[in-house]
Amino acid sequence: MFASALAPYRRIFTPTTALFSLTGLVARLPISMVGLGIVLLAEHETGSYAFAGAVSAVALVANASFAVVQGRLLDRLGQARVLPAAITLWGLALAGAMLSLSADWPVWTTYVLAAVAGATLPSVGTCVRARWAHRLKDNPSGLHTAFSFEAVADETVFLLGPIIVTMLATAVHPYAGLGAAMAFGLVGTYVFAGLRSTEPPVHPTTTSGGERPAMPWPAIGPLTLLTFALGVLFGAAEVTTVAFAEEEGQQGAAGFLLAVWAFGSLLAGLVSGAITWRQGPLGRLRWGALGMAVATAPLALVPSIPVMGLVLLVGGVAISPTLIAAMSLAERALPPTRLSEGMMLLQTGVALGLAPGAALAGLVIEEAGASASYLVAFGGGLLALTAALATRVPAAGRSEAEVGDVQRNLA
């Protein structure tokens, strides 16, 4: 049984594909390390969590603001040209921001350098998925398996990254956490960009008067709203879980609870990739979004940490399948010349939702306690479900199976 479950993965992984996928996993570790690393370092150097949080927020906003620009450059110029330039600028800016804190440079220099670092950090996860989409463009079931694995890789990144940066910054040296993030980002991205044989083709701007294909907004718009809603859900749930554990007198249990939540998602992603689904990604998206809304509904009523662990484990099962289906729909709907740009919109949606979700949850915690603030996560789940129901797949992007799926779901 175990061997048959692994069969779909064995069919898509060759030495070549395994190399770009695993290299991409290392290269994207900074995504989950830099924000927390900045907070830990800035607070150590200045003693101000407010300043540390503001610097981290500047980097996050800059990253989200320039993500679509990066996506367009990747489509037009290619990964081999854009990624090395972007990661080099990122490394210089991050090193400068670290130096500005230790050398007591003017405060504005830290903000500027953090903004440059945020704007230039490449979304390697999007680039990896673009390679899979090119490699498996005639193999829908294989592409679903690949996207499932990359969802698991994302979960691994967000599970390991915060642990690594926190341990290094607190147990080794305050600069060690960001230093490790810089090493992962630079080495991983340089190696990934050098794997030219699997790079998707470049789609330069037409010079013969032809117009670029239109962005399929009936699909990409709701999908971006859905990922934003998931960002709100994630941001709210993370902050609230920390507060809930503290209220229960076991603050150290927060890490365990969040790890259990991530493990549920990771496990579901692996299982999803091993299954041959009869239902298309649109149906799976809607069922997944419904599952997330239902799973977050009882969180405000959970009475203890053991029960919370069980509820979060079950709730985590809906995360990866929903994101996998969203990426699969985007890949089907987007024209090849706008693939990286469109997928970057979805990645940006999650990033943009994290901050308001966390901030709103914090306000509710102050006024009504941790349990009540889980309703913010529930609100994110309801918004995600609404966006999933509003998603429409362009006819040009549907396979015959998907057309049937759309008709069944709209009936």
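Buried means under 20% relative accessible area, exposed over 50%, and partly exposed in between, with a 1.4 Å probe and protein chains only. The model is predicted, so local features need pLDDT of at least 70 and side-chain atom pairs count only at pLDDT 80 or more, while totals for chains, interfaces and linings use all residues. Residues are numbered from 1 along each chain as its sequence is written, and side-chain values use heavy atoms, with hydrogens and water left out.

**Exercise 1. Describe how α4 and α5 pack.**

Step 1: Take the angle and distance. The two helices pack at about 165 degrees, with axes 11 Å apart. Axes are lines fitted to C-alpha atoms, for helices over the stretch in contact, and angles run from 0 to 180 degrees between N-to-C directions.

Step 2: Classify. Angles under 35 degrees count as roughly parallel, over 145 as roughly antiparallel, 65 to 115 as roughly perpendicular and the rest as oblique. That makes α4 roughly antiparallel to α5.

Step 3: List the partners. Contact means heavy atoms within 4.5 Å, and here Phe51, Leu73, Leu74 and Leu77 of α4 meet Gln79, Arg81, Val82, Leu83 and Leu101 of α5.

Step 4: Sort by class. Ala, Val, Leu, Ile, Met, Phe, Trp, Tyr, Cys and Pro count as nonpolar, Asp, Glu, Lys and Arg as charged, and the others, Gly among them, as polar. The contact of α4 with α5 then has seven nonpolar, one polar and one charged residues.

**Exercise 2. Check the length and burial of α7.**

Step 1: The expected span is 1.5 Å times one less than the number of residues. For the 12 residues of α7 this should be 16 Å, and the end C-alpha atoms are 16 Å apart, which agrees.

Step 2: Since 10 of the 12 residues of α7 are buried, α7 is largely enclosed by the rest of the structure. Among the buried ones are Val124, Cys127, Val128 and Arg131.

**Exercise 3. Find which residues are in contact with Phe192.**

Step 1: Phe192 belongs to helix α9 (residues 176-193) and is buried, with a relative accessible area of 0%.

Step 2: Leave aside neighbours within four places in sequence. Phe192 is then in contact with Phe20, Thr23, Gly24, Gln79, Leu83, Val124, Cys127, Val128 and Arg131.

Step 3: Compare sequence with space. Phe192 and Thr23 are 169 residues apart in sequence and 5.8 Å apart in space, C-alpha to C-alpha.

Note on methods: Helix = DSSP H or I, 4+ residues; strand = E, 2+ residues; numbered from the N terminus.
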